[in-house]
Amino acid sequence: MAWIDSLFKRMVEVGASDLHMTSTLPPMFRLHGEMVPVEGCPVISAKQMRQILMEICPPDNKQEFERDCDTDFAYAIEGLARFRCNFFMDSRGMGAVFRVIPEEILTLEQLNIPKAVKDLCYLSKGLVLVTGPTGSGKSTTLAAMVDHINKNRADHIITIEDPIEFVHPDHKCLINQREVGGHTQSFKRALRAALREDPDIVLVGEMRDLETIEIAIETAETGHLVFGTLHTTTAASTVDRIIDQFPSDRQEQIRTMLSSSLKGVVAQTLCKKKPKGRVAALEIMIVNSAISSQIREGKTHQIPSTMQMGAKLGMCTLNDSLEKLVKSDQVDAKEAYIKAVDKEGFASKMAALGLNINLDTDAPAQAPMAQAPTAPAAPHQDLSLGKPQVQPEPAAPLPSEAPTQQTPAPEPGSVGPPPGIADPFERFKNRKKG
């Protein structure tokens, strides 16, 4: 077992979404949206960090990291979860961020996804985009949509991802999952090849560049259903982002293509939930004749007004979604205001509810987040997750050197943990014995 595996197990146990590893600092979890030090874990020097991280890095990614100073890959622990891994270099040395990808794919019902979004899963062709900032849950929503299709349709699905995150078993559909770097050179190459692979549905993990966006639109126009992601915060800005990718002399043509191929946009924003956890605010745009005309004529600034009038079709603006979360007491008004794009409009909605948003006043203190990933509890004790906690297995030894000391590197071909035995959870064992 790799040294870092014990941290991954701890991460899943306490419900953290990310693990951050930075040289000369102790590891940190992102728990309910907050950065929390993993109490009990020692500071890790730059040399120790390289030993720990390279222990789980595939050979091809090691070469890529040495060449480019960053790399992405997926790491799986059977029976626990998969993890999306990013290695990078910064001013402190080598670092990494790990995002947990649960083995179980949540359903649309478990995610409280509205019916208007579920209906997009039954389209025969067109472009459907799930957008939002990094870490807003786009992959989780897309995985739930693909899983819904997999259980209710009999089609051929091709996914193009970097890296593969959720692994989909074959239910009613045949699913081929391709990873950029391992199975194909790029998104655009895999997307172009997909047209010759008889797909009904294509999922593009990221529409990063002009050519990928162009091929995705063409694929949607040729009778396929295409799902994709963009890093935009609202439906209207998603349309503008796509069009602005193209040279000015081609934008009119792209507007025409997009007006007929785009079927829906789901823009996600994650908010801190009361008293703990996170919940998604969804802006939903279903492309009807009015919105199609506005895209074609370059009047995207009118889209929010049309969405407000399209509630019967399931459309919802971000402000309306945030207001619902505040009314249902799931999200604090201050948190919702921070996440709002149209802050003036949202403030007006809160004023109508009699709520005054004061950003200078700190929100009520939450329970200390650092306690969740600290001392292992007895099986009957609840550490705020609503489930009995399992005592984590002791981490493999970490070299207990000071940052200024040098730890001898393992001999070439040697196997096992770095030298210098030290258990990062030792203090809690001693405390429990005392």
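## Terms and model

A crossing of two helices is left-handed if the near helix is turned anticlockwise from the far one by less than a right angle, and right-handed if clockwise. Helices (H or I, at least four residues) and strands (E, at least two) are DSSP runs, numbered from the N terminus.

This is a predicted model, where local features need pLDDT of at least 70, side-chain atom pairs count only at pLDDT 80 or more, and totals for chains, interfaces and linings use all residues. Residues are numbered from 1 along each chain as its sequence is written, and side-chain values use heavy atoms, leaving out hydrogens and water.

## A helix pair

Helix 12 (residues 318–327) passes helix 14 in a right-handed crossing. The two pack at about 35°, with axes 10 Å apart; axes are lines fitted to C-alpha atoms, for helices over the stretch in contact, and angles run from 0 to 180 degrees between N-to-C directions.

Among the residues in contact (heavy atoms within 4.5 Å), Leu-322 and Val-326 belong to helix 12, while Phe-346 and Met-350 belong to helix 14.

Seven strands form an open sheet in the order 9-8-10-11-7-12-13, with mixed pairing; two strands pair if DSSP finds at least two bridges between them. Strand 9 (174–179) and strand 13 (278–286) are at the edges with a single partner strand each, so one side of each has no neighbour in the sheet.

Strand 7 (residues 126–131) pairs with strand 11 (residues 225–230) in the parallel sense over six bridges. Leu-127 stands opposite Val-226 in strand 11.
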